[in-house]
Amino acid sequence: MHVFRFPLPTSHFPLFLAFLIAAPLAAAETGERPNVLMILVDDLGYGDLSSYGGPNLQTPQIDSLAVEGMRFTRFRANSNVCSPSRAALLSGMYPDRAGVPGVIRTHANDSWGNLSPDLTLLPAVLEKHGYETAIIGKWHLGLSSPNTPNERGFGRFRGFLGDMMDDYHTHLRHGENYMRSDAEMIDPKGHATDLFSDWACEYLRERAGQREQKPFFLYLAYNAPHVPIQPPPEFLERVLKREPGIDADRAKLVALIEHLDGGIGRVLQALRETGFEQNTLVMFSSDNGGQCNVGAFNGPHRGTKGEMYEGGLKVPFLAKWAGRITPGSRCEAEGVLMDVFPTVLDAAGIPVDERGRSPDGSFVQRIDGRSLGELFSGKAATLPPRTLYFVRREGGTGFGGKTSDALIEGDWKILQNTPVSPPELYNLRDDPLEEHDLRKTSAPEFRDRLYRLMLQIQEGGQVPWQPKGRESLKNN
């Protein structure tokens with residue numbers, strides 16, 4: 001069995017974190033600080049769980065979080081692609097404020113983000129307050145120093161650095177091996193989903209065997225069901241037998257999702273067997289909407305992964321916390337992935353307000369997200385009004401290094417789906433499926449939202465998204 005090594009030094013993180021004072025917010029009711037298990041999957045469509053009305057599939061393990069906890073119906077990722085959403089989750093900020101407006105990739109001439117060196121990520125805050133922190137699975141926020149998981153606050157890392165795998169079994173990307181155990185390159189055997197599930201179970205059992213029981217934050221980031229769609233043969237056979245006449249692409253994706261569901265079920269079982277279940281906040285979501293051309297189902301929503309329509313942004317979000325979240329509850333508040341950051345701090349009793357300040361007024365860092373804590377407890381049904389902003393910077397002929405953007409404020413949503421397409425305006429209350437562009441018929445609202453969107457773009461533009469001193473791209 002692999003044993004995790006101790007973390008790399010984190011002394012480079014800002015000293016002001018030492019001034020954060022752990023308040024007994026969660027501990028006052030439970031007597032101890034909660035563990036946190038954040039499960040993030042890759043490219044799962046809003047409608048690709050049974051609990052969200054998914055056709056042809058069975059996801060009882062993930063659905064158990066809805067049965068035993070809370071299901072959000074209006075939750076969104078912070079972007080329609082991977083890296084920006086992951087940056088938002090771990091920083092609590094809009095992705096371009098974190099330096100990651102687009103996807104970080106292997107080749108410099110097709111990489112559109114660089115995690116800001118000034119950021120203090122969630123695991124670093126938690127580590128300062130006595131938490132064990134670990135990431136298992138997909139990182140996708142940097143391929144080399146100084147932007148590796150251990151250097152950005154995680155005590156332990158076992159997974160891969162890159163954007164995707166070209167094969168779930170070889171784990172390579174462009175012929176390169178990005179699989180790591182902390183800083184060490186590894187070459188494990190097996191389907192990536194099985195590896196990550198096994199490693200998460202090992203981590204939980206290792207924590208249970210520790211003499212000193214520190215609370216933990218485990219970020220379990222699967223690459224499934226991202227392409228390539230490679231389910232184990234027995235899962236595909238089961239789907240084809242159960243669902244006669246199913247589309248071939250859909251069958252493969254359903255099988256990959258059901259395999260993922262089984263792996264998550266093993267992790268949840270390990271949580272029960274180790275005795276952690278009663279004091280662990282479990283959250284589950286996806287980094288963006290599903291990729292429809294490989295069989296994904298985004299519910300009734302328009303659009304797909306990579307688009308600013310709701311199908312590219314809306315994602316499942318489930319949360320379970322014994323004694324805190326009412327089983328079988330439902331929430332219609334408009335959450336986003338960057339809300340995970342303040343939610344975890346809130347649960348851990350680490351007081352930081354929405355402006356990123358501790359009670360004594362010392363500055364921590366800007367936090368754009370809002371805690372979901374009062375939604376979990378039932379003390380609130382909605383979050384305070386706010387403007388939500390979404391961004392994706394991309395290359396290729398469709399983008400040319402420019403951005404696509406969207407802004408939601410109240411019932412109104414303005415979007416520009418690509419840099420070469422015109423802006424569009426929708427009223428999501430009257431037209432949740434974005435079928436009627438009101439750009440011309442609601443001109444005042446259009447002008448106002450376009451101006452507000454411009455201000456968001458200007459603010460994000462203050463943060464560099466390329467590393468300083470990078471070599472010329474001409475020969476790449």
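**Figure 1. Asn427 in strand S16 of the predicted model.** Asn427 sits in strand S16, which covers residues 424–427. The model is predicted. Asn427 has 7% relative accessibility and therefore counts as buried. A polar atom of its side chain lies 3.1 Å from the backbone nitrogen of Asp430. Residues up to four places away in sequence aside, Asn427 touches Asp411, Trp412, Pro432 and Leu438.

Figure 2. Glu434 lies in the loop between S16 and helix H11 (443–460). Its phi is positive, about 55°, although Glu434 is not a glycine. Most residues other than glycine have a negative phi. Is Glu434 buried or exposed? At 0% relative accessibility, Glu434 counts as buried.

**Figure 3. The protein chain as a whole.** The protein chain holds 11 helices and 16 strands. Of its 476 residues, 60% are buried. The accessible surface comes to about 18,800 Å². Carbon and sulfur atoms account for 52% of that surface. Take the contacts between residues at least 6 apart in sequence: 69% of them join residues at least 24 apart.

**Figure 4. The largest nonpolar core.** This core has 107 residues. Phe196, Tyr219, Met283, Phe284 and Phe376 touch the most other members. Helix H7 (residues 248–273) supplies the largest share of the core, 12 residues. Another core lies apart from it, with 22 residues, including Tyr309, Leu313, Leu388 and Phe446. In soluble globular proteins, nonpolar side chains tend to be buried together.

**Figure 5. The surroundings of Phe284.** Which residues does Phe284 contact, leaving aside neighbours within four places in sequence? Met38, Ile39, Val41, Leu44, Leu49, Ile62 and Leu65 are among them. Ile264, Pro316, Phe317 and Leu318 are also in contact with Phe284.

**Figure 6. Ile39 in strand S1.** Ile39 lies in strand S1. With 0% relative accessibility, Ile39 counts as buried. Ile39 and Leu220 are 181 residues apart in sequence. In space, their C-alpha atoms are 4.8 Å apart. Beyond its neighbours within four places in sequence, Ile39 is in contact with Leu220, Tyr222, Ile264, Val282, Met283, Phe284 and Ser285.

**Figure 7. Helices H5 and H7 packed together.** Two packed helices are described by the angle between their axes and the distance between the axes. Helix H5 (residues 192–208) packs with H7 at an angle of about 5°, and the axes are 9 Å apart. H5 is therefore roughly parallel to H7, as angles under 35 degrees count as roughly parallel. From H5, the residues that meet H7 are Thr193, Asp194, Ser197, Asp198, Ala200, Cys201, Leu204 and Arg205. On the H7 side are His259, Leu260, Gly263, Ile264, Arg266, Val267, Ala270, Leu271 and Glu273.

**Figure 8. Helix H3, enclosed by the rest of the structure.** Why is H3 (residues 82–91) described as largely enclosed? Of its 10 residues, 10 are buried, so H3 is largely enclosed by the rest of the structure. The buried residues are Cys82, Ser83, Pro84, Ser85, Arg86, Ala87, Ala88, Leu89, Leu90 and Ser91. They pack against strands S1 (35–41), S3 (132–138), S9 (216–221) and S13 (387–393). They also pack against helices H4 (122–128) and H9 (340–347). Just after H3, Gly92 takes a positive phi of about 75°.

**Figure 9. Two cis peptide bonds.** Most peptide bonds are trans. The bond from Ser145 to Pro146 is cis, with omega near 10°. Pro146 is found in the loop between S3 and strand S4 (156–160). The bond from Ala224 to Pro225 is also cis, with omega near 0°. Pro225 is placed in the loop between S9 and helix H6 (233–242).

**Figure 10. His174 between strands S5 and S6.** Where is His174 found? His174 is in the loop between strand S5 (172–173) and strand S6 (176–177). Its phi is near 55°, a positive value in a residue other than glycine. At 40% relative accessibility, His174 counts as partly exposed.

Methods. Residues numbered from 1 in each chain as written. Predicted model: local features only at pLDDT ≥ 70, side-chain atom pairs only at ≥ 80, totals over all residues. Heavy atoms only, no water. Helix = DSSP H or I, 4+ residues; strand = E, 2+ residues; numbered from the N terminus. Buried < 20%, exposed > 50% of the residue type's maximum accessible area, 1.4 Å probe, protein only. Polar contact = N/O pair within 3.5 Å; in protein donor to acceptor, adjacent residues only side chain to side chain. Contact = heavy atoms within 4.5 Å. Areas by Shrake-Rupley, 256 points an atom, 1.4 Å probe, with all protein chains shown as cover. Core = buried A, V, L, I, M, F, W, Y, C linked by side-chain atoms within 4.5 Å. Axes fitted to C-alpha atoms, helices over the stretch in contact; angles between N-to-C directions. Parallel < 35°, antiparallel > 145°, perpendicular 65-115°, else oblique.
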